[in-house]
Amino acid sequence: MEQGLVALAAGLAIGLGAFGAATAQAKAAAATFEGVTRNPSSKDAVFVPFILALAFMEFQAILAFIVAFLLLQG
Amino acid sequence: MRCFVLVRLAVWWLVGSVVFTGVAWAAGSGGEDSAVPTFFNIYQQIAYVLGLSEKVYPFMSALLALAVIAVMGLRYRSYVRRCLASDQLEPKEKFSLESLTETIAKFIYDLSKDLFSKASPHGTALIASLFLFVLVMNLSGLIPFLPPGSGDFSANLGIGLSVFVVYHVAGIRAQGFWPYIKHFSGPKVNIPVLGLLLPILIFVVEIISHSFRPVSLSLRLMGNIFGDHMLVGVFTGMVTWFIPSLLLFFGVLVSIVQAFVFSLLSGIYLSMAVSEDH
């Protein structure tokens, strides 16, 4: 029973974390591509902040992954 | 010519995937008992022969990265210098270690030109060494039998803490001790009570966020690399043939992006500590 609940918690943790991070990254990518297609010369200026923003969003998913992993291990 | 290079890469990839899946199968690590198969591990064997704990494998991976970078740096020193001296030296058509080195050097040079407004040899050296070190450590995890050193928290925390020390020392040297401490408390506020309370509040928040920086740097790298490695393991447990090798391409992407993010964030921290108007 308890093991099942822990498995459920781990699944929920990584699922919700991935959902949030993926939604945010999709939004950022959509906005960036729209901006770059409107103004192709802004590609170089946008590249570094875009990668940084993606890394910050991905960090939340990574934290969720670590929590899920610790739940299953502990 | 370029097409030929692509064909050769594809052939190497196919050969590599067959070898990789064969190795995974030969290790007898199908997913009968556990979801994550345990591979034969070279670092573990070396540690066993030397009579060391197997926990030292990040150190061995770091030594491997150091050796690779030293060989690359000594062999291609003059090429890299030529690449840095003239701005428009294009990488060669032929895919070789030389052209790869040139591309990486150019990439790091452009990045440090963006980050530091005036040319900063120390900043460039920090970014370049961090990028190469983390990249080689990440990519070494894609070789069969070698776990990635950056998939462990200890090695990354070491790099993160050294970055932490370096940018604070650089900030103190650029601005002086008290002005550097003072810039944690934010801009000056000319309101009677708030003017006293707000800087203290901002100071505490800033100290907490600065202390979390090395942890977040290393945790991000560890989570990405470890997660990617585990994904390959889980897929190998499920399918064994061919499919896990598709994930190697994903692994290369993750390795490059994470090395880039790590060095970029360190460079940003350094430039923020050194710049005076912040």
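Helices here are DSSP runs of H or I with at least four residues, strands are runs of E with at least two, and both are numbered from the N terminus. With that in hand, chain B is quick to describe: it has 10 helices and zero strands. Reading from the N terminus, the order is α-α-α-α-α-α-α-α-α-α.

Before going on, some ground rules. Residues are numbered from 1 along each chain as its sequence is written, while chains are lettered from A and ligands numbered from 1 in the order in which they are written. This is a predicted model, where local features need pLDDT of at least 70, side-chain atom pairs count only at pLDDT 80 or more, and totals for chains, interfaces and linings use all residues.

Chain B averages 77, and 77% of its residues score at least 70. A contact means that the C-beta atoms of two residues, placed from the backbone, lie within 7 Å. For the complex, the predictor gives an ipTM of 0.83 and a pTM of 0.80.

How is chain B packed? Of the contacts in chain B with a separation of 6 or more, 65% are between residues 24 or more positions apart. Of its 278 residues, 29% count as buried. Buried means 20 or more other C-beta atoms within 10 Å of the residue's own, exposed means 12 or fewer, and partly exposed is in between, with C-beta atoms placed from the backbone.

Now to where the chains meet: 10 residues of chain B are in contact with eight residues of chain A. On the chain B side, α9 (194-238) and α10 (243-274) each supply at least two residues, and α9(B) gives the largest share, five residues.

Over in chain A, take A64(A), which sits in helix α2 (residues 43-73). Why does A64(A) count as buried? Because 22 other C-beta atoms lie within 10 Å of A64(A). Neighbours within four places in sequence aside, A64(A) is in contact with A13(A), I14(A), G17(A) and A18(A). A18(A) is 46 residues away from A64(A) along the chain, yet their C-alpha atoms are separated by 7.7 Å.

Conventions
pLDDT = per-residue confidence, 0-100.
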